[in-house]
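Morning, everyone. Please have a look at the structure on the screen, and then I will take you through a few side chains.

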Amino acid sequence: ARVVRPGGRIAILELSEPQGRISGPAARLYVHHVVPRVGALLSGAREYRYLERSIAKFPAPAEFAAMMEAAGIDVVSVRRFSFGACCLFVGQVPGARA
């Protein structure tokens, strides 16, 4: 919030744990096993494997939205894509519009 002007918006696109009882397990399998392997294969870098651990450690969407609020950012929306494997967080810093 301190680096965005008052009234400014911030957008954060982050990978997260897929949700859902039916599609969730398949999406988690894809995110944890297919994506890192394909990324490593296409990039030629084995370091791409960090992605699986990074996704697992990122806070749940509701928890991250609460962290944004605690940092002084008004959460405008949280949108999930790809069965919850990707979330777009949009927030606005309180104050006059720029």
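First, the ground rules. This is a predicted model, so local features need pLDDT of at least 70, side-chain atom pairs count only at pLDDT 80 or more, and totals for chains, interfaces and linings use all residues. Residues are numbered from 1 along each chain as its sequence is written, and side-chain values use heavy atoms, with hydrogens and water left out.

Now the core. Which residues make up the largest nonpolar core? There are six: F58, F64, M68, I73, C87 and F89. By nonpolar core I mean buried Ala, Val, Leu, Ile, Met, Phe, Trp, Tyr and Cys residues joined through side-chain atoms within 4.5 Å. Buried is under 20% relative accessible area, exposed is over 50%, and partly exposed is in between, with a 1.4 Å probe and protein chains only. Helix α3 (61-70) and strand β3 (86-92) each supply at least two residues of this core. Helices (H or I, at least four residues) and strands (E, at least two) are DSSP runs, numbered from the N terminus.

Take F58. Beyond its neighbours within four places in sequence, F58 contacts E14, L15, F64 and F89. Contact here is heavy atoms within 4.5 Å.

Next, the rings. Phe, Tyr and Trp rings (six-membered ring for Trp) pair if their centres lie within 6.5 Å; planes under 30 degrees apart are stacked, over 60 edge-to-face, the rest tilted. That rule gives two aromatic pairs. F58 and F64 are tilted, at 4.9 Å centre to centre and 45 degrees between the planes. F64 and F89 are edge-to-face, at 4.7 Å and 65 degrees. This second pair links distant parts of the chain: F64 sits in helix α3 and F89 in strand β3, 25 residues apart. Together, F58, F64 and F89 form one aromatic cluster. F64 counts as buried because its relative accessibility is 13%. F89 is buried too, at 1%.

Last, the cysteines. C86 has 15% relative accessibility, so C86 counts as buried. C87 is buried as well, at 0%.
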